[in-house]
Amino acid sequence: PYTGPRAAEILQKRGEFLSPSMFYFYQKPLNVVDGKMQYLFDEDGRRYLDAFGGIATVCCGHCHPDVVEAIVNQTKRLQHSTVLYLNNVIADFAEALASKLPGDLKVVFFTNSGTEANELAMMIARLYTGCHDIISLRNAYHGNAAGTMGATAQCNWKFNVPQVGIHHALNPDEYRGVFGSDGEKYAKDVQEIIEFGTCGRVAGFIAEAIQGVGGIIELAPGYLPAAYSSIRKAGGLCIADEVQAGFARTGSHFWGFEAHGVVPDIVTIAKGIGNGIPIGAVVTTPEIAQVLTRRSYFNTFGGNPVCTAGGLAVLKVIEKQELQQNAFVVGSHLKERLTALKDKYEIIGDVRGRGLMLGVELVTDRRSKTPAKVETLHIMDQMKDMGVLIGKGGFYGNVFRVTPPLCFTKEDADFLVDVMDYTVSKM
Ligand code: PMP
């Protein structure tokens, strides 16, 4: 049993010693002390089904024994920077990761986070093209450092600091967007930004296939091929941010972009790649990768042996336990059941997503699509009290994000929906 500090004490220390910008979920925040596969345990040993762990990087399950073993064994052996010396783990993981990517995407740079990966990807695009302008999507989240905050496009994540060289294109949002599901119409905005907002040439374009922080918004079909085509005609590189949608989560494919029939020039990865440990990656082609040889490029802990040993173990677990297939089967079942809930309750305006990356958008009125913010918070809190953790997101904070570890079962999915059903029925 857990005998450490309790929630109230931690909260008090957090208030005194940690950044006042830190926030938490739930009116009474949860002190999580243990994790095991799809479950989290609080200070009283109470068990919660974790349907949001995916977001916080847990891909194969909390403390998956194979991943823990790989990390512990490597930690006992060597933890160091592997930039200056040779070590087999970083090379083995790079090889394994490259084998999961299509085409010529074969060269890996490891980083420590998603923000770092996107910063590097944007810099590579600028160096390779000799251009500066980058187009990202409104409602995107790509990180919170100097460049990536520019690419992020939701005002609550943007501080008033210089964010130059970024244009934000119309979001191809099938639920709220002006062109509905017509991806090609939204993509015309990319072409127009190039024509009216730049010198005619751009460094690149960055987008997620399914926006995570933005509220599980799957880009309208036909959008990415058309947008990529405009960007490439303007000399730019196409960056796929796979920080959330990658690593088997969408079930139908290993990478989110694959569902759109495109092959990016640069792919960025983080979160799920490490199952909870800090690691990110940028993968690109040998030709594009050459630009970093123009100067010295160094990242002390990017690709360190412990994190890459963990990453390699994650890939093996995904394959051994057929987690992509599981994400597809369980995710399809879960989406079907959530869609049936939508038929039952007016407040559910939309159910969307793919595999185990699903969104449920709550509105007070289906026609005006007025965000049901207060209700979202209430239901989340009630579900937590019944033992189910889900996330929330979207610009208006009214979208449930269901992104569990990929070991989630059909029974877990049923329990989640039953609890949501009960909670909504009591409102
Ligand atoms: N890209 C996407 C799509 C993300 O969701 C996030 C994190 N929410 C990031 C990049 C940044 O990753 P990190 O927090 O690891 O810097």
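**View 1. Contact between domain 1 and domain 2 of the predicted model.** In the contact (C-beta atoms, placed from the backbone, within 7 Å), 28 residues of domain 1 meet 30 residues of domain 2. Domain 1 comprises 7–60 + 322–425 and domain 2 comprises 65–320, with bounds from an automatic or database domain assignment. Their centres, taken over C-alpha atoms, are separated by 25 Å. On the side of domain 1 that touches domain 2, helix 10 (323–344) is among the elements giving two or more residues, and helix 10 gives the most, with five residues. Helices (H or I, at least four residues) and strands (E, at least two) are DSSP runs, numbered from the N terminus. Residues are numbered from 1 along each chain as its sequence is written. In this predicted model, local features need pLDDT of at least 70, side-chain atom pairs count only at pLDDT 80 or more, and totals for chains, interfaces and linings use all residues.

**View 2. Packing of helix 11 against helix 12.** Helix 11 (residues 373–385) and helix 12 (residues 410–425) pack at an angle of about 125°, and their axes lie 9 Å apart. Axes are lines fitted to C-alpha atoms, for helices over the stretch in contact, and angles run from 0 to 180 degrees between N-to-C directions. Ile379, Gln382 and Met383 in helix 11 meet Val419, Met420, Thr423 and Val424 in helix 12.

**View 3. Shell around the ligand.** The ligand is surrounded by 14 residues (C-beta atom, placed from the backbone, within 6 Å), the closest being Ser113, Gly114, Thr115, Gly143 and Val243. Helix 4 (residues 114–129) gives the most to this shell, with three residues.

Conventions
Two residues are in contact if their C-beta atoms, placed from the backbone, lie within 7 Å.
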